[in-house]
Amino acid sequence: MLELNHIYKTFNKNKNPNELFNDLNLKVDTGEFVTVIGSNGSGKSTILNLICGNTLPDSGEIIFNGKDLTKEKEYKRYRQIGRVFQNPALGNCSNMTVLENLMLAENKNKAWNLKKMKDSSREKFVEMLKPLGLGLENKMDSTINDLSGGQRQAVSLLMTTLSDIELLVLDEHTAALDPKTGEKVMQITKKIVEERNLTTIMVTHNLEHALAYGNRIIMLHEGEIILDLSGEEKENTKMDDILNLFNQISIRRGNSI
Ligand SMILES: Nc1ncnc2c1ncn2[C@@H]1O[C@H](COP(=O)(O)OP(=O)(O)O)[C@@H](O)[C@H]1O
Ligand SMILES: [Mg+2]
């Protein structure tokens with residue numbers, strides 16, 4: 001289980017303080033797939049940053065499977081966490097080939113020797129890439145630079161899940177893709193999450209994806225969780241319900257989202 005307990009966070013404390021979290025609490029059960037929505041600046045990425053360790057809370061604690069991660073260094077957390085970003089250039093080494101990237105990822109927490117492993121892993125990766133349906137199995141020796149955005153995100157996803165991670169963190173990982181490729185990458189995401197039974201937190205601006213995928217949906221507004229639905233309750237939630245909620249917020253704020 002992942003727990004964010006009593007999180008407080010204010011940015012720019014000295015000049016112009018911007019209080020984001022004032023006693024934020026969130027528990028995610030092992031195996032849950034949570035989709036996170038909310039308007040710009042509501043704190044979605046910051047929650048992911050707190051979990052991964054590139055933002056530290058002012059107070060509160062982050063516990064993962066009973067272990068206190070609050071003060072643990074970012075690189076150590078990444079031993080058990082995989083993260084895919086919105087920008088397809090961030091999750092991989094763009095001047096290296098697909099094969100080299102996959103090998104690096106597979107050996108994330110180990111001592112490794114790229115030359116030795118090169119050919120022993122090739123066939124295995126080809127078999128992993130084929131079912132993704134993006135033709136990546138024929139691009140093993142292409143550099144990441146030569147791939148489309150969708151192909152890159154698929155490689156990044158596969159890379160995060162090649163080592164023994166327990167938590168997958170996705171920050172709008174389909175937002176930079178065209179709608180059709182975005183759908184494809186979402187289907188690949190679902191497949192990987194189900195096969196590996198990964199606890200997953202996915203931030204998305206795509207409300208259809210937020211409703212169609214995962215078993216829990218959370219909506220953030222100005223650093224507060226204002227909607228949290230799981231299981232059947234989530235399944236029964238329609239796009240209109242979510243849009244109404246967005247409208248209520250923007251009316252309350254007196255501006256648009
Ligand atoms: N590193 C940072 N320094 C200063 N302010 C930040 C930083 N990260 C986030 N913020 C502020 O926190 C708020 C929430 O940001 P963020 O979590 O990125 O929102 P979202 O991902 O929901 O769009 C915003 O007001 C943003 O400006
Ligand atoms: Mg964000």
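Which elements each supply at least two residues of the shell around ligand 1? They are strand 2 (18-28) and helix 1 (44-52), where helices (H or I, at least four residues) and strands (E, at least two) are DSSP runs, numbered from the N terminus. The model is a predicted one, in which local features need pLDDT of at least 70 and side-chain atom pairs count only at pLDDT 80 or more, while totals for chains, interfaces and linings use all residues. Residues are numbered from 1 along each chain as its sequence is written, chains are lettered from A and ligands numbered from 1 in the order in which they are written, and side-chain values use heavy atoms, with hydrogens and water left out.

Around ligand 1 sit Phe-11, Asn-18, Leu-20, Ser-39, Asn-40, Gly-41, Ser-42, Gly-43, Lys-44, Ser-45 and Thr-46, each with a heavy atom within 4 Å of the ligand. Helix 1 gives the most to this shell, with three residues. Sorted by class, the shell has two nonpolar, eight polar and one charged residues; Ala, Val, Leu, Ile, Met, Phe, Trp, Tyr, Cys and Pro count as nonpolar, Asp, Glu, Lys and Arg as charged, and the others, Gly among them, as polar.

Now for the polar contacts (pairs of N or O atoms within 3.5 Å). A polar side-chain atom of Thr-46 lies 2.5 Å from an oxygen atom of ligand 1. For Asn-18, a polar side-chain atom lies 3.2 Å from a ligand oxygen, and for Ser-42 a backbone N or O atom lies 3.2 Å from one. Taken alone, ligand 1 exposes 560 Å², and the protein buries 62% of that (Shrake-Rupley areas, 1.4 Å probe).

Helix 1 is itself mostly covered, with eight of its nine residues buried, that is, under 20% relative accessible area with a 1.4 Å probe, protein chains only. Lys-44 and Thr-46 are among those buried residues. Just after helix 1, Gly-53 takes a positive phi of about 95 degrees.

Elsewhere, the largest nonpolar core has 34 residues; such a core is a set of buried Ala, Val, Leu, Ile, Met, Phe, Trp, Tyr and Cys residues joined through side-chain atoms within 4.5 Å. Helix 3 (98-106), helix 4 (114-129), helix 5 (149-160), strand 7 (167-171) and helix 6 (179-196) give two or more residues each to this core. A second, separate core of 26 residues includes Ile-7, Val-34, Leu-69 and Ile-201.

Val-98, Leu-102 and Val-155 are among the residues with the most contacts inside the largest core. Neighbours within four places in sequence aside, Val-155 is in contact (heavy atoms within 4.5 Å) with Val-98, Leu-102, Leu-136, Ile-144 and Leu-147. Helix 3 has nine of its nine residues buried, including Glu-100 and Glu-106.

Terms used. Buried < 20%, exposed > 50% of the residue type's maximum accessible area, 1.4 Å probe, protein only. Polar contact = N/O pair within 3.5 Å; in protein donor to acceptor, adjacent residues only side chain to side chain.
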